[in-house]
Amino acid sequence: MKGFIVLIAITLTSCAYKEEDKQAPFSSKKILFQVPKNFPSPVYDFSRNPITQEGFELGRALFYDGILSRDGTVSCSFCHIQTSAFTQHGHAVSHGIDDLPTRRNSQPIMNLAWVRFFFWDGGVFDLDLFPPHPIQAPNEMGETMSNVLEKLRKHPHYPKMFKAAFGTEEITTDRFLKALSQFQLMCISANSRYDKFVRNEGGILTSDELKGLSLFREKCSVCHAGELFTDGTFRNNGLPVYSNDLGRAEITLNPDDRYKFKVPSLRNVVYTAPYMHDGRFKTLDAVLEHYRKGVVDSATTDPILKQNGILGIPMSDEEKRQIIAFLQTLTDTSFITRFELSEFAIKTPTNNVKIR
């Protein structure tokens, strides 16, 4: 069969470009990956892993399957729940196999095509290399990659799904990881009231929300920058130290990176509580109160929080309330209810639920 074309619609620049998929010429079911008008270009290299309907369905099935864990009880979705914007809810830090706590709060699976570094410490620099870490962690999924692949090879349906996605029934680490990436890459959240407002699509912000937007840009947007609401850097935001978690320094071994963690996106922040790398804050009010009165000085505390001899970010009660009002406009209810991203879309191992 002839090769297919994968289109990535770059609506930001009102153009589209085509790439011939040399990896899966057997497939004819292409998926249109759409870049929202107000988003920058993705950083993920789609040329090495073009998204197909079959690859997406395989990745979705794997994401929701406990077969990836040692005893079959923990799937990716165990710590990344759609209704919580693909985070784990109810724990300060994630809980994995045997209900063992992990070190950190789970981060949302959202807009990953625009992410350069993964985990709070940035220890993984490629989405395709992310899954082995939770799979092999003894307090997350407690399995080995070789065991996972062997279980999939013996499964009554997965070999057929790999053939549909990649041309043969061969199940390799590379194919396994790329399938999971294809599902996660389609977890795009860009349909909040704020998005509709900035795209002139009928979104309306109240006077309080508009004031909050102005205050946010003044006080918060250095770190939570752009339409992704993160600059992707690693910073020490002045949290009191409660553990031996050194953050970014555990990866770089640089003392200057002690207690620095990745700046999270604030999209869907209403759904992603608790907050911070260790889940210490349960509410947005508590988060802003930290920045107003709780910042602790140290050798690596970010300079943005130590301006003019003042620790933290000055704000009145009214300003705090208005910033929170704005943050609530970043809520994308369609993201947490999209059927094709849910476990319920997996009717059979060869379901035909399409990407909308």
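Tutor: Let us start with burial: a residue is buried under 20% relative accessible area, exposed over 50%, and partly exposed in between (1.4 Å probe, protein chains only). Phe56 is buried, as its relative accessible area is 0%. This is a predicted model, in which local features need pLDDT of at least 70, side-chain atom pairs count only at pLDDT 80 or more, and totals for chains, interfaces and linings use all residues. Residues are numbered from 1 along each chain as its sequence is written, and side-chain values use heavy atoms, with hydrogens and water left out.

Student: How many aromatic pairs does a search of the whole structure find?

Tutor: A pair of aromatic rings is described by the distance of the centres and the angle of the planes. Rings of Phe, Tyr and Trp (its six-membered ring) pair if their centres lie within 6.5 Å; planes under 30 degrees apart are stacked, over 60 edge-to-face, and the rest tilted. The search of the whole structure gives 19 such pairs. In one of them, the ring centres of Phe56 and Phe183 are 5.6 Å apart and the planes are at 40 degrees, so this pair is tilted.

Student: Which parts does the pair of Phe56 and Phe183 tie together?

Tutor: Helices are DSSP runs (H or I, at least four residues), as are strands (E, at least two), numbered from the N terminus. Phe56 belongs to helix α1 (residues 53-63) and Phe183 to helix α6 (residues 173-185), so the pair links parts 127 residues apart in sequence. Phe183 is buried, with a relative accessible area of 0%. Another pair, Phe63 and Tyr64, is edge-to-face, at 5.1 Å centre to centre and 80 degrees between the planes. Phe63 is buried at 1%, and Tyr64 is buried at 11%.

Student: Which residues form one aromatic cluster?

Tutor: The cluster consists of Phe56, Phe63, Tyr64, Phe86, Phe183 and Phe335.

Student: Over which rings does the charged end of Arg248 sit?

Tutor: A charge sits over a ring if NZ of Lys or CZ of Arg is within 6 Å of the ring centre and within 35 degrees of the ring normal. The charged end of Arg248 sits over the ring of Phe117, 5.4 Å from its centre, and over the ring of Phe234, 4.3 Å from its centre.

Student: Is Phe125 buried or exposed?

Tutor: Phe125 counts as exposed because its relative accessibility is 59%. Phe125 is located in the loop between α2 (76-79) and α3 (132-136).
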